[in-house]
Amino acid sequence: MRLRNVKGARDTIAASEYVAFDEDNMDPDQLKGKWKEKFGNNNPIRIEIGMGKGQFIMEMARRNPEINFVGIEKFSSVLVRGIEKQQVEQLPNLLFVRMDAENIEKVFDKNEVDYIFLNFSDPWPKDRHAKRRLTSVNFLNRYINILSETGGVTFKTDNRPLFDFSLEQVEEADWILDNYTFDLHHSEYVEGNIMTEYEKKFSEMGNPICRLVCHPKR
Ligand code: SAM
């Protein structure tokens, strides 16, 4: 994601009713364990970590009004683009969080998240940064602490080294790999696929899209 400093982004985030949490100026205890109250219903909650400008999570929310969605993004200047779209559309089942996902367990309680989507996560190509990859064992162990009994993770990327690493990490974490493909758009799993912003860009360049679906052992 190319980052430009967007003037007023922090003010927009602070003022938006669609931002449930901003780690710079809110106490996570206000929210942890209270997401159902926040949405005002008992519907399941699905999250995208690293939502970028929110194209995927907004389409998910449009198509699935009986499910609640939370888009999580580290950078204000990126998140603000999603907020601007949501201010216009006002989907009742979509909220945003601005935070680094390494703190995810501070914001969601055990069993509070029904499903996690990771789309085109940053590759962190240097070995010494491997722990920062959102599909590392480091992160998978965090996800166990927020996922429901039936919860799981879907990960999409065009980055083959990151995908291969992720397959290894699923095994190392002792999770169950439900299915995977190295070319989603030409596979049996393509039906119902919702394209992310990066997915559209990279698939138009001819890059095959890899996808894996996994869940913790129960
Ligand atoms: N998911 C979108 C898509 O597929 O179009 C955006 C992909 S973009 C390459 C990755 C996004 O993840 C960036 O906006 C980045 O700021 C965000 N991100 C990376 N690491 C993160 C973290 N630890 N916590 C929250 N967001 C993160």
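Arg160 and Asp164 meet through their side chains in a salt bridge, at 2.9 Å from N to O; a salt bridge is a side-chain nitrogen of Lys or Arg within 4 Å of a carboxyl oxygen of Asp or Glu. The structure is a predicted model, in which local features need pLDDT of at least 70 and side-chain atom pairs count only at pLDDT 80 or more, while totals for chains, interfaces and linings use all residues. Residues are numbered from 1 along each chain as its sequence is written, and side-chain values use heavy atoms, with hydrogens and water left out.

**Salt bridges**

- The structure holds 14 salt bridges.
- Arg160 and Asp164 both belong to helix 7 (residues 160-172), where they are four residues apart, about one turn of the helix. Helices (H or I, at least four residues) and strands (E, at least two) are DSSP runs, numbered from the N terminus.
- Arg160 is partly exposed, with a relative accessible area of 39%, and Asp164 is partly exposed at 30%. Buried means under 20% relative accessible area, exposed means over 50%, and partly exposed lies in between (1.4 Å probe, protein chains only).
- In helix 3 (residues 55-63), Arg63 and Glu59 are four residues apart, about one turn of the helix. Their salt bridge has its closest N and O atoms 2.9 Å apart.
- Arg63 counts as partly exposed at 48% relative accessibility, and Glu59 counts as partly exposed at 22%.
- Arg81 forms a salt bridge with Glu84, with the closest N and O atoms 3.1 Å apart. These two residues are separated by about one helical turn because they are three residues apart in helix 4 (residues 76-89).
- Arg81 is partly exposed, with a relative accessible area of 32%; Glu84 counts as partly exposed at 35% relative accessibility.
- An α-helix has 3.6 residues a turn, so residues three or four places apart point the same way.
- A network of salt bridges links Arg10, Asp22, Asp24 and Arg98.

- Not counting residues up to four places away in sequence, Ile49 touches Ile72, Ala101, Ile104, Ile116, Phe117, Leu118, Leu134 and Tyr143. Contact means heavy atoms within 4.5 Å.
- In helix 3, the buried residues are Phe56, Ile57, Met58, Met60 and Ala61. Their cover includes strand 2 (45-49), strand 3 (68-73), helix 4, strand 4 (94-98), strand 5 and strand 6.
- In soluble globular proteins, nonpolar side chains tend to be buried together.

**Thr154 in strand 6**

- Thr154 is placed in strand 6 (residues 153-157) and is buried, with a relative accessible area of 10%.
- The side chains of Thr154 and Tyr115 are joined by a polar contact of 2.7 Å. A polar contact is a pair of N or O atoms within 3.5 Å; within protein, one must be able to donate a hydrogen and the other to accept it, and residues adjacent in sequence count only if both atoms are side-chain atoms.
- Leaving aside residues up to four places away in sequence, Thr154 touches Tyr115, Ile116, Phe117, Leu118, Arg211, Leu212 and Val213.

**Positive phi values**

- Phe120, although not a glycine, has a positive phi of about 55 degrees. Phe120 lies in the loop between strand 5 (115-119) and helix 6 (137-144) and counts as buried at 10% relative accessibility.
- Trp124, found in the loop between strand 5 and helix 6, has a positive phi near 40 degrees. Trp124 is partly exposed, with a relative accessible area of 25%.
- Most residues other than glycine have a negative phi.

**Nonpolar surface patch**

- Leu177, Tyr180 and Phe182 form a nonpolar patch on the surface, with about 250 Å² of accessible area together. Patches are made of residues with over 30% relative accessible area and no salt bridge, with like charges joined within 9 Å and nonpolar side chains (Val, Leu, Ile, Met, Phe, Trp, Tyr) within 5 Å.
- Accessible areas come from the Shrake-Rupley method with a 1.4 Å probe; for residues, only the protein chains shown count as cover.
- Leu177 lies in strand 7 (residues 175-181) and counts as partly exposed at 32% relative accessibility.
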